[in-house]
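Here is a short briefing to read alongside the sequence and the 3D view. Take a moment to turn the structure around, then follow the topics below.

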Amino acid sequence: MSAPQLSRKDKVLLHCAPLRDEHINDRALRTALHHARKTDVFAVQQNFDKAAAALVQSIPIPQEITEWIPPDTFIAPVRRPWKKYAQNPAFLATGIAVLVIAIIAVFQLVDRLNRFPGEPTARRLLTTASSTHAMMLDPVKTDAGALGDFLFMKHRLAHYDVPPEFAELKTLGCRVFDDEEGQRVVQVWVVEKKMQFFLFPAERDPKTGKAREFSGWRTIEQERWAGVAKEQNGVCFMAALRGSAKDLAPYISKKKD
Amino acid sequence: MAEEEKQNLFQLYRFCFLMVADATKAQEIFHATLRDAAQLAANGEAPRDRLWFFRDARWRCLEAGEQGLQAEDVDLEQDELADWAPSQIEKLEAEQFAIWIAGAPDPQRTALALFYLDEFSYRDLLSVTELKPPELSKLLCDGRRQFQAWLDATFPATQP
């Protein structure tokens, strides 16, 4: 049999190799044993050690010892450090599962916090925004803030006001249409960044008929389009553009009276 | 007391016996170690693991050994381990092996006694003997060869 070459480290470890497999809890030693299993020298050593260990186990235990063994244990209960727990595959798997569940829960929570009454309509209008050309709108060149009076007088739409954050932007065109739910929707084309505004009735409670209010600006993103929406006096306003919510953030972070 | 713990204590006695090669002394050391452990447990400072018992017994054994005849510090003859060594060892009494181990200088004595108890992992051996891996390795390797030389001298007829 050709003896495999053992490294110096392997030889050092093999001289200390325990006889019982359950005592081999060292990775380097296990590797060394793997290398040496088929060598004659190691087999001779193991046979030698087994015979000597058997001789030791034949040492008789005096009766005074067997009778004197105390009934209680003197060894303190084992306290497993947290690292040992962490390395346990069962704890590791549970930990990873809990982490994944926590991440999903956080995502769902953030998603839920971002939802608002009228969100389905807002998403539909984002699709509308992506397929609309300025030519489809009636030309109206004015400040966006002035549109409220125009819409009230021409279309009898009360409270269809552009919020102060977007009131100073110049408009290019405007149209009023009924969406698939029969709601009156105003669409405005703005010069800046080819932005579009939508004004539409806020979602209503079917029992009371009252508008479902929500506070502050809410963000939605869909197919490379982003919108920021706000409810005021039962009407939702949404500014939309092609891009991300970051592009709209500077407008809504402005403090306006 | 659990059976496993009882067996550990029997191994502790065997360790003491290998270290001093005297049943009476081994019993005294065994009892002294257990009394020490009981006292610590009563004070709420129970030993953390079974290795404590072997460490404590080790020092007691070495202390007891200092009072008797001392092994001479000589380079013992060494032989290559032989295929027929197990048959040579089978002819020995356990007490003869204990006398041979107890005659070895420490830390080789402790290393051999602990190793042949067949009770400890490699890390446990390093911990109780307070040796570095190459040191433990050399002591065990030399111990085997020296014991083989002694076996060859004691049972020359068994060689082919």
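**Hairpins, sheet and chain contacts**

β5(A) and β6(A) form a hairpin with two residues between them, and A:Glu223 in that turn has a positive phi of about 45 degrees. Please keep in mind that this is a predicted model.

- To find the pairing by eye, look for A:Thr219, whose bridge partner in β6(A) is A:Val228.
- β6(A) also pairs with strand β7 (residues 235-242) of chain A, again in the antiparallel sense. Eight bridges hold this pairing.
- A handy landmark here is A:Ala229, which has A:Met238 in β7(A) as its bridge partner.
- β6(A) and β7(A) form a hairpin as well, with two residues between them. In its turn, A:Asn233 has a positive phi of about 55 degrees.

**The sheet around them**

- These strands belong to an open sheet of seven strands in chain A, with the order β1-β2-β3-β4-β7-β6-β5 and antiparallel pairing.
- Which strands of chain A are the edge strands? They are β1 (138-139) and β5, each of which pairs on one side only.
- Elsewhere in the sheet, strand β3 (residues 184-190) of chain A runs antiparallel to strand β4 (residues 196-201) of chain A, and four bridges join them.
- Within that pair, A:Trp189 has A:Gln196 in β4(A) as its bridge partner.
- Helix α9 (residues 245-252) of chain A packs on the sheet, where it touches β5, β6 and β7 of chain A. The direction of α9 makes about 35 degrees with that of β6(A).
- As background for viewing the sheet, side chains in a regular strand alternate between the two faces.

**Chain B on its own**

- Chain B has eight helices and zero strands, so you can read its pattern along the sequence as α-α-α-α-α-α-α-α.
- Of the 160 residues in chain B, 37% are buried.
- Among contacts in chain B between residues at least 6 apart in sequence, 71% join residues at least 24 apart.

**How α1 and α2 of chain B pack**

- α1(B) and α2(B) pack at an angle of about 135 degrees, and their axes are 8 Å apart.
- Why is α1(B) described as oblique to α2(B)? The reason is that angle of about 135 degrees, which makes α1(B) oblique to α2(B).
- α1(B) passes α2(B) in a right-handed crossing.
- From α1(B), the residues B:Leu12, B:Tyr13, B:Cys16, B:Phe17 and B:Val20 take part. They meet B:Ala23, B:Lys25, B:Ala26, B:Ile29, B:Phe30 and B:Thr33 in α2(B).
- Sorted by class, this contact of α1(B) with α2(B) has nine nonpolar, one polar and one charged residues.

**Where chain B touches chain A**

- How many residues of chain B are in contact with chain A? There are 45 of them, and they contact 33 residues of chain A.
- Six helices of chain B each supply at least two residues of the side that touches chain A: α1 (3-20), α2 (23-42), α4 (85-90), α5 (94-102), α7 (122-129) and α8 (133-154).
- The largest share of that side, eight residues, comes from α1(B).
- By class, the side of chain B that touches chain A has 31 nonpolar, three polar and eleven charged residues.

Key: Residues are numbered from 1 along each chain as its sequence is written. Chains are lettered from A and ligands numbered from 1 in the order in which they are written. This is a predicted model: local features need pLDDT of at least 70, side-chain atom pairs count only at pLDDT 80 or more; totals for chains, interfaces and linings use all residues. Two strands pair if DSSP finds at least two bridges between them. Two residues are in contact if their C-beta atoms, placed from the backbone, lie within 7 Å. Ala, Val, Leu, Ile, Met, Phe, Trp, Tyr, Cys and Pro count as nonpolar, Asp, Glu, Lys and Arg as charged, and the others, Gly among them, as polar. Axes are lines fitted to C-alpha atoms, for helices over the stretch in contact, and angles run from 0 to 180 degrees between N-to-C directions. Angles under 35 degrees count as roughly parallel, over 145 as roughly antiparallel, 65 to 115 as roughly perpendicular and the rest as oblique. A crossing is left-handed if the near helix is turned anticlockwise from the far one by less than a right angle, and right-handed if clockwise. A residue is buried if 20 or more other C-beta atoms lie within 10 Å of its own, exposed if 12 or fewer, and partly exposed in between; C-beta atoms are placed from the backbone.
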